[in-house]
Amino acid sequence: MGQMKKFVFVLLVLSASVVEQIEGKGYEKPLNCGHLECAPYTLIHSHPEFEIRSYSKATWVATPPISSPSYTYAVSIGFKILFAYIRGNNDAAVKMNMTAPVLVNIHPRTEHLQNSTYVVHFYVPQKFQRTPPLSAEAQPVELPQHKYAAVRRFGGFMDDSNISVQLSALKKSLKGTGRDKSSASIQHSGRFLLYSAAGYKSPFEHENRVNEVMLWFD
């Protein structure tokens, strides 16, 4: 594997093959998680510029893959599908409360995000985790597909340009952790397996917006 395909960065603390949580509060809980059910996770490592999380396996509802030249356009389509689903457009005709975050998996066709394929996800409330209603347009899936997520948080409205900037900043921060001698660690090498973006507020809320970009790995 060439230099561009392989890099080494420090991510996790291991002890007898068990991941230990590193001290640190991590990011504050988004305000919306005070009244919305949010996908739970375990904080593995906290850093001023990012954090490492492990998400529990859970049921989400996913749109079909959406091929689009624009993240904004793809999410607009996906959000409408999922909003209709939670408002009763499912085979059980049941309505669900909104949850957070709306998670978007990004599958770039090139090194840039333009002309990517997107899958938009809704976290299924605990009440429906075991038996989520089905739909012709949105299908239950088990997430996450990978063990760990490196996460960077930012505000404002997400779009193609700032997602790319934030992903690049996250990669740069992760490479820099190798110089941090204060934490016990292991090395992980290779490409990330998946890019994601997560939004904790609806498109109609303009204040105190919380967004995250994620790089997934095993």
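# Briefing: helices, disulfide and selected residues

The protein has 2 helices and 16 strands. The model is a predicted one. Of its 218 residues, 49% count as buried. The accessible surface of the protein amounts to about 11,900 Å², and carbon and sulfur atoms hold 52% of that area. Among contacts in the protein with a separation of 6 or more, 72% are between residues 24 or more positions apart.

**Helix 1**

- Helix 1 covers residues 71-86, which makes 16 residues. From its first C-alpha to its last it reaches 22 Å, close to the 22 Å expected at 1.5 Å a residue.
- Buried positions in helix 1 are Y71, A74, V75, G78, F79, I81, L82, Y85 and I86. Viewed down the axis of helix 1, these buried residues fall within an arc of 165°, so they line one face of the helix.
- Y73 and K80 are exposed and sit on the face of helix 1 turned away from its buried side.
- At the start of helix 1, the backbone nitrogen of T72 has a side-chain oxygen of S70 within 3.2 Å.
- Just after helix 1 comes G88, with a positive phi of about 115°.

**Helix 2 and D160**

- The 17 residues of helix 2 should span 24 Å at 1.5 Å a residue, and the end C-alpha atoms are 25 Å apart, which agrees.
- The buried residues in helix 2 include D160, N162, I163, Q166 and L167. Also buried in helix 2 are L170, S173, L174 and G176.
- D160 lies in helix 2. With a relative accessible area of 18%, D160 is under the 20% cut-off and therefore counts as buried.
- The side chains of D160 and S70 are joined by a polar contact of 3.4 Å. S70 is also the residue whose side-chain oxygen reaches the backbone nitrogen of T72 at the start of helix 1.
- Leaving aside residues up to four places away in sequence, D160 touches P69, S70, Y71, T72, L113 and Y118. Of these, Y71 is one of the buried residues of helix 1.

**Disulfide**

- The disulfide count comes to 1. The bond joins C33 to C38, with an S to S distance of 2.0 Å.
- In general terms, a disulfide is a covalent bond between the sulfur atoms of two cysteines.
- The torsion about the S-S bond of C33 and C38 is about -100°, so this disulfide is left-handed.
- C33 has 14% relative accessibility and counts as buried. C38 is buried too, with a relative accessible area of 18%.

**K127**

- K127 lies in the loop between strand 11 and strand 12 (139-143).
- K127 is exposed, with a relative accessible area of 70%.
- In sequence, K127 and M96 are 31 residues apart, while the distance in space from C-alpha to C-alpha is 9.1 Å.

Technical notes:
Residues are numbered from 1 along each chain as its sequence is written. This is a predicted model: local features need pLDDT of at least 70, side-chain atom pairs count only at pLDDT 80 or more; totals for chains, interfaces and linings use all residues. Side-chain values use heavy atoms; hydrogens and water are left out. Helices (H or I, at least four residues) and strands (E, at least two) are DSSP runs, numbered from the N terminus. The expected span of a helix is 1.5 Å times one less than its number of residues. Buried means under 20% relative accessible area, exposed over 50%, partly exposed in between (1.4 Å probe, protein chains only). The arc is that of the directions from the helix axis to the C-beta atoms. A polar contact is a pair of N or O atoms within 3.5 Å; within protein, one must be able to donate a hydrogen and the other to accept it, and residues adjacent in sequence count only if both atoms are side-chain atoms. A disulfide is a pair of cysteine sulfur atoms within 2.5 Å. Contact means heavy atoms within 4.5 Å. Accessible areas come from the Shrake-Rupley method with a 1.4 Å probe; for residues, only the protein chains shown count as cover.
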